[in-house]
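Visitor: I would like a close look at one part of this model, with a connected account of what surrounds it. Please start with a pocket and go on from there.

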Amino acid sequence: TLVGPLCSGHEEGDNCGVFFEQYRAVGVDLTGSSATLDDAFFERAGADVTRPTIIIAECVLQYLHPTAADELLRWCSHAFAAVPLSFVTYDQIRPGDVFGATMSAHLHSKGSPLRSIASYAGTSALEARYEEICGGAARSVTIDVAM
């Protein structure tokens, strides 16, 4: 059941999102400050740091500069430190295979380069990233294994 407006009618970018009873999606500059992230997650989306949380980032982190993506993961880990947190991502890896090279070149030509793909090109690099930044165990699965 939709429990809130798609846009509240405020200034552009202010409180726009999709709000369901147990799901919230808001737009935010993920390279912003912790105050910007706090506002988006806690004020606008109503995230509750007392409840187990799943953060889904689909085709997001590889577009960010590696430092910005790492800072975002660090912020999530600290913001939800008191509860079980699952961070689920779906991002392109393997820039060296035919598909990866083709997609990387295409996205770059469209002005949307995959800024982190060289730093985190495979599952072991991604697992090491999450374990180092967020602590605990990390597991990655490629789509061919998941199917």
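Guide: Gladly! The second largest pocket holds about 780 Å³ of space, in what is a predicted model. Its lining is made up of 29 residues, and those closest to the pocket centre are Tyr90, Asp91, Gln92, Ile93 and Val141. Four elements each supply at least two lining residues: S4, helix H3 (98-109), helix H4 (123-134) and helix H5 (143-146). By residue type, this lining divides into 17 nonpolar, 6 polar and 6 charged.

Let's set the other pocket beside it. The largest pocket has about 1,000 Å³ of space. It is lined by 27 residues, with Tyr23, Arg24, Thr53, Ile54 and Ile55 closest to its centre. Strand S2 (23-26), strand S3 (53-58) and H2 each give two or more residues to that lining, and S3 gives the most, with 6. Here the lining residues divide into 18 nonpolar, 4 polar and 5 charged.

Beyond its neighbours within four places in sequence, aspartate 70 is in contact with Tyr120, Arg129 and Ile133.

The model has 6 aromatic pairs. In one of them, phenylalanine 41 and tryptophan 75 have ring centres 4.7 Å apart and planes at 50 degrees, so the pair counts as tilted. This pair links distant parts of the chain, with phenylalanine 41 in helix H1 (residues 34-44) and tryptophan 75 in helix H2 (residues 66-79), 34 residues apart. Phenylalanine 41 is buried at 17% relative accessibility, and tryptophan 75 is buried at 10%.

Phenylalanine 42 and phenylalanine 80 make another tilted pair, 5.8 Å centre to centre with 45 degrees between the planes. Phenylalanine 42 lies in H1 and phenylalanine 80 in the loop between H2 and strand S4 (85-90), so this pair ties together parts 38 residues apart in sequence. Phenylalanine 42 is partly exposed, at 24% relative accessibility, whereas phenylalanine 80 is buried, at 1% relative accessible area. Ring pairs join Phe41, Phe42, Trp75 and Phe80 into a cluster.

Key: Residues numbered from 1 in each chain as written. Predicted model: local features only at pLDDT ≥ 70, side-chain atom pairs only at ≥ 80, totals over all residues. Heavy atoms only, no water. Phe/Tyr/Trp six-rings, centres within 6.5 Å; stacked < 30°, edge-to-face > 60°. Buried < 20%, exposed > 50% of the residue type's maximum accessible area, 1.4 Å probe, protein only. Contact = heavy atoms within 4.5 Å. 1 Å grid on protein atoms, 1.4 Å probe; cavity = no way out; pocket = protein on both sides within 12 Å on 5 of 7 lines; lining within 4 Å. Points joined across faces, edges and corners; volume = space filled by probe spheres on them. Nonpolar A, V, L, I, M, F, W, Y, C, P; charged D, E, K, R; others polar.
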